[in-house]
Amino acid sequence: MLQLLTARECGLGPPWFLPRSYGSQRFSELELSKEKELGRFHSAAVNSLDLDCDGRYLISGGGDVPGSIAIHDTARPAGEKGLYVCGVTVSTYGTQNHTDTSHAVSVVQWFPHDTGIFTTTSGDRYLKIWDTNDLLVVEKFKFKNPIYTHVMSTGTSHTLTAVGGGECKITLCDLVSGASSHVLEGHSKPVMALAWSTACEHVLASGSQDNSVVLWDIRKANGPLTKLDQHNGSRASSDPSVTVAHGGSVNGLCFSPDGLHLVSFGTDDRLRLWDAVTGKNTLVNYGRVFNTLPKQNCPLAFSPLSSTLHPIICIPVGGEVLMFHLTTGKKVKSLSGHFGKVHSLAVHPVEQELYSGGTDANILCWMPPPPRKPSLDRARRSNATGAVYEDAWSSDEDNDDDGRH
Amino acid sequence: GTVLHAACRPILECVISCVGAVDDRPAISLRCHGRLLMLLLRLNSPLTRADQHYHETGSSGETVSPSCIAYLDNGVTFVGSCLGDSQLCKLSSAADESGGYVEILETFTCLAPILDMSVVDVDQQGRDVVVTCSGFGRNGSLRLVRSGVGINEQASIDLAGVKGVWSLRCGTEMAESDNTLVLAFVGQTTVLSLKGEEVEETELEGIAADQQTHYCSNVIGNKILQITGQSVRLINEETLQLVSKWAPPSGKGISTGSCGGSHVVVVVGNELFCLDIQDSSLHQLSHVTLEHEIACVDVRVLKGDSGTSNICAVGLWTNISARVLRLPSLDILHTQPLGGDILPRSILVAEFDTRTYLLVALGDGTLHYFQMDPDSGALTNGKKVVLGTKPIVLRQFVSGDAHHVFACSNHPTIIHWNNHKLLFSNVNLKEVNYICTLNSDSFRDCLALVDDNTLTIGSLDQLQMLHIHPVPLAESPRRISHQRHSHTFLVASCRVDVPNGDKTALISPKPCASKSVSNMLEGTHPDDLSILPVTTTEELEVFSLLLFDENSLEVIHGYQLSPREHVTSLTSCVLDSTHYYAVGTAFVDPTEKEPNRGRVLLFRVSHTKVLELVYMNDEAGAVYQVVQFQDKLLISVNSEVRLYKWEEGKMVLECSYSDTILALYLKCKGDFILVGDLMRSFKLLVYKAEKSVLEEISVETSLNPVFMTAMEMIDDENYLGADGRHIFVCQKNSEAAVEADLMYMLQPSRMYIGDNINVFRHGSLVMEHPGASPSPIQGKPIIYGSVHGAVGLVVQLDMSTFSVLAKLQESMAAVIKSVGNIEHEVYRCFSMEHTAATKTKSAEGFIDGDLVEHFLDLPQEKMEQIIKGIKKNDAHGMEVDVTVEDLVKLIEDLSRIH
């Protein structure tokens with residue numbers, strides 16, 4: 001740390017080096033937060049979590065019947081003094097006067113630019129657009145088949161929401177006009193995962209039960225941009241119709257915050273890292289990662305841009321959240337704390353904070369450990385025994401640091 | 001197009017820091033460890049190899065780690081550095097006498113990086129000097145930054161009561177340069193002759209020694225003109241014989257006079273005579289009687305002193321006015337009332353570049369200046385500036401090719417022309433009564449200055465607003481602190497010892513400051529501390545404390561810290577009415593993530609100016625900050641803030657606070673403590689003496705994460721911070737409606753500055769002039785120093801000035817096009833670069849001084865166009881339109897504070 005501070009003072013190396021390397025280090029140290037505890041609201045699995053663009057309000061969608069949605073204020077503790085229980089703004093799905101509310105919420109998402117709107121999809125086969133202040137549905141889109149996932153575009157030039165479900169196609173719903181503007185056809189089986197590119201707002205990635213991952217440009221009407229090939233074209237079966245990204249259904253997709261990489265997760269228990277620009281498989285080996293949510297969309301989460309010196313990808317596997325080093329494929333840490341399967345993840349856009357929701361109906365907050373209070377006794381003890389802190393991260397940093405001069 | 005596959009051959013064991021191509025020949029120059037190498041690539045040979053290399057042995061002013069190399073032409077290369085001065089070098093293919101291949105043509109001063117600075121008023125003149133810790137590695141130095149112009153004294157003579165001084169060329173040898181000084185005393189005149197560096201009193205036959213001289217100079221026709229209280233005398237330069245003499249017909253005494261070209265103007269009471277110098281005689285050309293007594297006179301001297309002058313200006317008693325008269329007829333061209341009741345003491349028609357100005361100095365230190373039309377004598381654009389508090393004498397002098405004006409008073413000032421405007425630079429002298437230019441054989445381009453007791457001969461530093469004096473250390477200075485009581489600076493500096501060739505010992509590179517201290521003390525480890533042993537195979541950073549004399553800036557004493565002990569903070573403090581330097585250190589073990597041992601060392605400076613280690617206190621981490629808090633010592637150790645009492649010569653822990661990530665910065669005011677966190681911006685603590693606790697009363701959360709780099713308390717409720725790219729002000733929220741909001745700070749102001757600020761200090765580089773018009777500046781300005789070597793100034797403006805300037809800034813931004821046409825608003829906005837969606841907030845609450853000062857450079861029409869719609873409140877609280885004059889005056893006043 002002292003070396004990093006000195007380098008910053010002297011102007012050696014780029015100015016973002018200290019924030020990003022420190023952020024990366026902190027993200028890799030995530031543990032169950034001792035100070036932040038979210039109130040238990042849902043009575044069944046927490047199926048979906050999302051943090052707003054400022055990272056303050058966490059929205060959660062529960063698998064209760066009838067479905068429930070909660071908004072948590074994660075910045076300021078509410079409740080009794082000294083107790084770090086985050087405030088909960090309650091909105092019960094059931095209070096809405098709809099005939100078909102007896103379904104669990106499957107995905108809930110904030111409007112990417114503010115907290116005025118959020119969207120939900122649930123077992124009732126509706127995509128619903130909500131006004132946060134009134135807690136009323138302002139728009140809804142009906143689908144014939146079950147909906148697996150929906151994602152809102154983070155871009156500013158359009159407000160399309162992509163919806164993937166049992167219809168083997170992707171429907172783009174326009175929030176402005178209230179109509180579905182187009183349909184992207186190309187998959188032969190239901191679409192289970194969708195992700196908008198973080199670099200180019202017209203690019204959408206989709207993963208389907210037909211084992212393929214397809215990149216689309218929504219301005220291009222006549223077909224997909226490319227289909228990702230796990231073998232990079234080296235296998236003889238060069239027939240494009242059977243090009244697949246995984247050996248099983250693809251139910252998790254996520255672009256890195258810088259938009260350079262795409263991660264896909266399939267029921268073949270493999271995690272693949274793709275170059276988002278060329279569409280090539282980078283062949284990083286993450287080992288076997290059990291896909292414990294094969295029948296639904298599996299949420300993936302990247303460490304925020306503030307921690308990208310060593311980007312980390314987080315995946316819910318069983319009751320744990322596994323963290324992998326993106327570029328080396330090494331497992332960094334596994335976060336265990338849930339009593340059931342983990343169903344949902346949300347990463348703070350700036351800070352090193354991770355939220356996870358599970359079938360045990362809990363939402364857990366994972367934060368870096370608070371700084372140790374310096375103690376002379378401990379310092380003496382550790383020195384006397386010659387103990388050296390084992391920390392792969394700090395030595396990584398040192399190497400990077402040296403390489404830079 | 002062609003790809004070269006070059007075979008690698010190790011050049012030298014070094015790190016290449018920078019590469020640049022050399023014109024179109026296939027060669028590149030490399031820079032490693034301060035050496036410049038040139039590789040010539042042979043395209044026809046299969047292996048490309050280092051064919052030739054130049055390297056430098058004469059390492060004078062060599063940069064350690066250049067940031068760029070740009071080959072210009074003819075072997076001339078620019079080596080730019082972010083860690084010291086940049087250089088323009090000439091590479092040659094043959095070694096010079098000293099064996100070097102590189103000749104340094106020019107050095108460009110750069111303060112980067114400023115790691116710390118101390119703002120002190122060393123000579124106690126009300127003007128602060130900034131001493132910065134600048135540079136890195138062997139380019140490390142202390143830099144003295146002061147505003148104004150320095151005089152390098154070359155000789156001085158004790159002479160009391162000198163009223164005026166003039167330089168002359170005279171004698172038979174017809175010297176090309178001045179060889180005589182004429183000094184005026186009350187009722188008499190003394191002549192000094194300069195022979196080499198010898199100065200001796202002589203008598204010149206033609207010069208009247210028993211009368212007071214009002215004017216004396218060489219004039220056309222190889223003559224010397226002397227105007228005394230009784231007569232005007234024309235003297236032959238060679239023979240020194242009196243040639244001609246003129247006395248006022250009324251027999252009254254001459255009060256003053258001036259000469260330009262062949263015209264001599266003489267003042268006798270309220271009469272003005274114009275004389276003409278012809279071959280060897282003086283003729284009276286004209287005569288006029290004005291209604292009031294004449295106080296001062298000046299004749300316009302044409303450039304190249306060839307033609308005759310055609311204009312003279314006088315200042316009058318009683319009705320306090322300036323007049324411009326035509327020569328030789330003495331017709332009045334223009335009358336300019338000056339207002340007030342202080343009489344003009346000195347008047348000067350000065351030419352700067354292409355413009356002619358009339359300067360009138362009053363007896364109270366005020367200067368009026370007007371633009372003058374050289375033909376009609378009409379005066380326009382009158383302005384007023386306060387230069388001092390005593391009468392001013394204006395003297396014109398030539399430095400280089402340019403004419404400047406020296407305003408002699410108790411705050412001597414040089415008025416010069418730069419970038420189409422008049423600039424006023426302070427001269428770093430206490431008082432000057434009179435000056436003249438002196439260009440003798442041994443005193444080239446000098447000035448002779450007289451004050452009440454001495455005659456000083458000195459040369460002028462470069463005319464620039466800021467003046468930088470380097471004190472090279474050849475190692476990296478890190479922290480500095482000043483102690484007025486002992487008149488010393490303490491500097492913590494760091495040198496890197498490298499293994500020698502066979503890795504058997506560590507050697508210090510070059511003669512550096514810490515190696516030149518003869519009686520260096522050496523520190524040792526605490527006994528129970530086992531850190532990595534020092535090996536002879538790795539580089540080792542060695543920290544030392546160097547004690548400097550505050551005036552000479554010479555190292556008097558030093559203390560070398562134990563190996564692997566880094567100095568992290570330094571301050572001067574008073575504990576129990578004894579002055580100490582408190583030093584915070586950290587033991588650095590490269591295998592550790594965070595230092596877990598450190599120390600606080602207390603040093604006293606003895607009467608013999610020697611550092612004495614008085615006390616040591618072990619801490620369980622790096623002591624990032626040590627400051628005096630009331631009569632106690634406040635330190636931050638990693639994430640903890642600890643307050644120590646000083647009792648019976650011991651540091652006793654009183655209380656602590658530990659809810660931070662890393663408490664890097666601390667500032668105190670009264671009972672308040674502001675903590676600057678590594679990534680959580682500000683926390684405000686208050687010390688409750690009765691309970692003896694530190695309590696958190698306010699935090700800043702809206703900005704997080706903010707990686708703070710520096711901070712300062714503006715006042716009790718406003719805190720200035722910097723995060724590497726922006727500066728911002730946070731405010732304690734003392735008026736929140738909801739009680740819960742009281743804890744959270746507001747953030748009223750922010751701006752992008754694009755530089756990493758390392759240090760803020762309260763201080764001001766310029767003197768405040770008593771009696772100047774009410775200043776729009778509130779509080780003491782804050783000076784900052786940045787990684788890129790910038791020294792900047794942040795001042796608080798009053799609300800009315802701010803609102804006027806904010807509107808001006810807005811309309812200026814629309815008119816002034818920046819480099820690359822980047823919109824000002826976009827450039828200055830606050831952007832959170834580390835966030836996923838690059839969020840921005842517009843800049844608020846700050847005025848961009850650089851932009852606003854551009855207003856002065858605009859043509860009049862444009863100024864008028866810009867200020868349309870800008871209102872201000874007048875004295876009665878009414879909204880009125882601002883005028884161009886108001887704004888120009890305001891901005892000129894503001895531009896004078898830096």
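How many helices and strands does chain A have? There are four helices and 28 strands in chain A, taken as DSSP runs (H or I, at least four residues, for helices; E, at least two, for strands) and numbered from the N terminus. The model is a predicted one, so to speak of local features takes a pLDDT of at least 70 and side-chain atom pairs count only at pLDDT 80 or more, while totals for chains, interfaces and linings use all residues. Residues are numbered from 1 along each chain as its sequence is written, chains are lettered from A and ligands numbered from 1 in the order written, and side-chain values use heavy atoms, with hydrogens and water left out.

Chain A runs to 405 residues, and 56% of them count as buried (under 20% relative accessible area, with exposed over 50% and partly exposed in between; 1.4 Å probe, protein chains only).

Now for one strand in particular. In β23(A), residues 312-317, six of six residues are buried. That goes for both faces: Ile312(A), Cys314(A) and Pro316(A) sit on one side, with Ile313(A), Ile315(A) and Val317(A) on the other. In a regular strand, side chains alternate between the two faces of the sheet.

β23(A) also has partners on either count of pairing (at least two DSSP bridges between two strands). Two bridges tie it antiparallel to β22(A), residues 301-302, and six tie it antiparallel to β24(A), residues 320-325. Ile313(A) turns up in both pairings, bridging to Phe302(A) and to Phe324(A). Between β23(A) and β24(A) lies a hairpin with two residues between the strands, where Gly318(A) takes a positive phi near 60°.
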